[in-house]
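Hi everyone, thanks for coming along. I'd like to walk you through one model today, so let me put it up on the screen.

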Amino acid sequence: ILLAAVNDGKVSLCAGVSKALTGKVKAGDLVKFAAEQVGGKGGGRPDLAQAGGTDVEKLPAVLDGVKDWVGAKLG
């Protein structure tokens, strides 16, 4: 799961991956993928990670791309 929020012109992201899937998808990689696209960075554990960014306008495209990114990792 990837959660996103916008507050005061900044993007906050939180990614979570079930422990059963961390061998294929890591939350840190997912949040990094999203954060880089919104002008930020972040990280965390394989099952939970947080990030932030400043390019709010790119957030909808990032969220649209998450399904494909996760699908490629699970495929």
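I'll go through a hairpin, then the salt bridges, then one threonine in a loop.

A word on the ground rules before that. This is a predicted model, so local features need pLDDT of at least 70 and side-chain atom pairs count only at pLDDT 80 or more, while totals for chains, interfaces and linings use all residues. Residues are numbered from 1 along each chain as its sequence is written, and side-chain values use heavy atoms, with hydrogens and water left out.

Let's begin with the hairpin. Strand S1 covers residues 2–7, and strand S2 covers residues 10–16. Strands here are DSSP runs of E with at least two residues, helices are runs of H or I with at least four, and both are numbered from the N terminus. S1 and S2 run antiparallel and are joined by six bridges; for two strands to pair, DSSP has to find at least two bridges between them. Val6, for instance, has Val11 in S2 as its bridge partner. Two residues separate the strands of this hairpin, and in the turn Asp8 has a positive phi of about 55 degrees.

Now please look at Ala5, which sits in S1. Beyond its neighbours within four places in sequence, Ala5 is in contact (heavy atoms within 4.5 Å) with Lys10, Val11 and Ser12. The cut-offs are under 20% for buried and over 50% for exposed, with partly exposed in between, using a 1.4 Å probe and protein chains only. Ala5 also lies 9.3 Å from Leu59, C-alpha to C-alpha, with the two 54 residues apart in sequence.

On to the charged pairs. How many salt bridges does a search of the whole structure find? Two, where the term means a side-chain nitrogen of Lys or Arg within 4 Å of a carboxyl oxygen of Asp or Glu. Arg45 pairs with Asp47, with closest N and O atoms 3.1 Å apart, and Arg45 is partly exposed at 47%. Lys58 pairs with Asp55 at 3.6 Å; Lys58 is partly exposed at 44% relative accessibility, and Asp55 is partly exposed at 26%.

Last stop: Thr22, in the loop between S2 and helix H1 (27–37). Thr22 is buried, at 17%. Leaving out residues up to four places away in sequence, Thr22 touches Val17, Pro46 and Asp47. That Asp47 is the salt-bridge partner of Arg45. Thanks, and I'm happy to take questions!
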